[in-house]
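Subject: Structure handover

Dear colleague,

Here is the structure I said I would pass on. Please look through it first; my notes on what was found in it follow below.

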Amino acid sequence: MAGPQRIIVTSDRYGSESASLDMERGIIAAADLNVEIEGAACATERELIAAGAEADALLVSTREAVTRRVLENLPRTKVISRYGVGLDNVDLDAAAERGIVVTHYPGYCTSEVADHAMAMMLALNRRIVELDRDLREGAWTRHGASTGTILRGPIPPLRELTLGLIGFGRIGKAVAARARPFGLTILAADPYTSPAEMAEAVVEPVHLDALLERADIVSIHCPLTPETRGMIGAAQLRRMKPGAVLVNTARGPIVDLAAASAALQARELAGAALDVVDPEPLPADSPLYHLPNVILTPHAAYYSERSVETVRIETLKAALAVLQGKRPGTVANPAVLERVSLA
Ligand code: NAI
């Protein structure tokens with residue numbers, strides 16, 4: 001009898017050696033498959049190649065760079081199953097050339113990211129984090145009961161503001177649905193979504209430049225691609241209205257962080273809420289940690305206990321499907337199907 005097929009979890013986020021893989025082992029046992037699963041958290045190309053040497057499947061997250069070099073050194077691997085949505089860290093073409101199926105699970109955390117983006121917009125607009133910091137530093141007791149002295153402004157009412165969504169896919173649409181009851185006027189710039197689809201959602205389709213010029217809140221929801229890398233740089237930040245704020249829950253490298261830091265320090269950009277930055281983690285000496293008009297979260301928008309459970313189950317199932325010669329729910333590199341036949 002052939003030995004077991006091996007799945008290696010290279011992510012350190014959803015259950016490698018640092019966490020139990022009991023749930024995954026339970027799924028494999030219930031399906032009565034001759035498959036073993038182990039954790040081997042990887043940060044570098046070299047570690048990925050070493051961990052992948054005996055792997056039939058790799059389960060990877062956002063952080064591991066699955067480069068052409070890595071893919072060319074995976075002798076047994078048939079499938080790379082990505083926990084989650086973005087695929088910017090996997091060389092899809094190189095994988096297809098090597099006959100390695102790449103699968104992912106888009107949509108598992110759409111509502112979590114939309115909730116997070118909305119929370120960031122509300123916190124920026126209502127100055128929740130600044131007021132909270134002021135109070136912890138004694139502002140209320142120092143100034144007495146008169147809250148007027150400790151209010152921070154400006155606070156324009158959301159119903160008078162315009163929200164600009166860059167990217168109108170699953171998350172962009174979910175943000176629009178959440179923003180509408182607050183009375184925000186909504187614009188979207190997305191060259192690959194039809195204006196009719198936007199109009200149906202009562203969202204005005206605009207080009208990026210017009211969005212930057214008109215929006216009071218700019219929220220990014222496009223993927224990281226060669227086209228979107230550095231899309232918000234010094235020139236784009238200068239186009240934004242005085243008083244406008246930026247929210248990024250998409251990918252760090254879409255925003256030129258040095259340019260954004262400079263604009264925030266000069267108050268040319270009134271505020272920013274960043275769940276993603278480049279690099280991650282944000283270095284300890286970053287000026288962003290000291291700017292009162294900045295809210296930071298640690299690439300956490302995807303997270304809820306439910307979303308993590310869902311993505312663990314579905315990522316494993318997609319890998320198991322390929323190992324059994326079946327087509328998973330999504331094939332992110334369809335060119336691979338010219339080399340590999342899946343039922
Ligand atoms: P999606 O694929 O449904 O939507 C992305 C939209 O961006 C598409 O409509 C596409 O046409 C549009 N787009 C592509 N290039 C564009 C450009 N140059 N300008 C404007 N729009 C452009 O993806 P979904 O599910 O909405 O996710 C969006 C991104 O959110 C993901 O690619 C991922 O990077 C990020 N994300 C971040 C998470 C976090 O924890 N912070 C968690 C999940 C996703």
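**Overview**

The protein has 13 helices and 12 strands; these are DSSP runs, with helices being H or I of at least four residues and strands E of at least two, numbered from the N terminus. This is a predicted model, in which local features need pLDDT of at least 70 and side-chain atom pairs count only at pLDDT 80 or more, while totals for chains, interfaces and linings use all residues. Residues are numbered from 1 along each chain as its sequence is written, and side-chain values use heavy atoms, with hydrogens and water left out.

**Overall form**

Along its principal axes, the C-alpha trace spans about 80 × 50 × 35 Å. The radius of gyration is 22 Å, which agrees with the value near 20 Å that a compact globule of 343 residues would have. That radius is taken over C-alpha atoms, and the globule rule is 2.2 Å times the number of residues to the power 0.38.

Of the 343 residues, 50% count as buried. Buried means under 20% relative accessible area, exposed means over 50%, and partly exposed lies in between (1.4 Å probe, protein chains only). The protein exposes about 16200 Å², and carbon and sulfur atoms supply 54% of this area. Accessible areas come from the Shrake-Rupley method with a 1.4 Å probe, and for residues only the protein chains shown count as cover.

Among contacts with a separation of 6 or more, 64% are between residues 24 or more positions apart; contact means heavy atoms within 4.5 Å.

The mean positions of the 35 positive and 42 negative charges are 2 Å apart. Lys and Arg count as positive and Asp and Glu as negative, whereas His and the chain ends are not counted. The place of a charge is NZ of Lys, CZ of Arg, CG of Asp or CD of Glu.

**Cores**

In soluble globular proteins, nonpolar side chains tend to be buried together. A nonpolar core is here a set of buried Ala, Val, Leu, Ile, Met, Phe, Trp, Tyr and Cys residues joined through side-chain atoms within 4.5 Å. The largest one has 33 residues, and Ile-220, Leu-237 and Leu-246 have the most contacts inside it. At least two residues of this core come from each of β7 (185-189), α10 (208-214), β9 (217-220), α12 (257-265) and β11 (271-274). The largest share, five residues, is supplied by α12. There is also a second, separate core of 28 residues, which includes Val-9, Val-35, Val-308 and Ala-319.

Beyond four places in sequence, the contacts of Ile-220 include Ile-166, Ile-232, Leu-246 and Val-255. Val-255 lies in the loop between β10 (245-248) and α12, and counts as buried because its relative accessibility is 4%. With neighbours up to four places away set aside, Val-255 touches Ile-220, Ile-232, Leu-246, Asn-248 and Ala-260. Between Val-255 and Arg-229 there are 7.3 Å from C-alpha to C-alpha, at 26 residues apart in sequence.

**Two further buried residues**

Ile-100 is in the loop between α4 (92-97) and β5 (101-104). Its relative accessibility is 0%, so Ile-100 counts as buried. Ile-80 is 20 residues from Ile-100 in sequence, and their C-alpha atoms are 7.0 Å apart.

Val-294 is in strand β12 and is buried at 3% relative accessibility. Not counting residues up to four places away, Val-294 touches Arg-133, Leu-264, Ala-272 and Leu-288.

**Backbone details**

The bond from Asp-278 to Pro-279 is cis, with omega near 5 degrees, and the bond from Glu-280 to Pro-281 is cis, with omega near -5 degrees. Pro-279 is in the loop between β11 and β12 (294-296), and Pro-281 is also in the loop between β11 and β12.

Asp-32, which is not a glycine, has a positive phi near 55 degrees. Asp-32 is in the loop between α1 (22-30) and β2 (35-39) and counts as exposed at 68% relative accessibility. His-299 also has a positive phi, of about 45 degrees, without being a glycine. His-299 lies in the loop between β12 and α13 (305-323) and is buried, with a relative accessible area of 14%.

Regards
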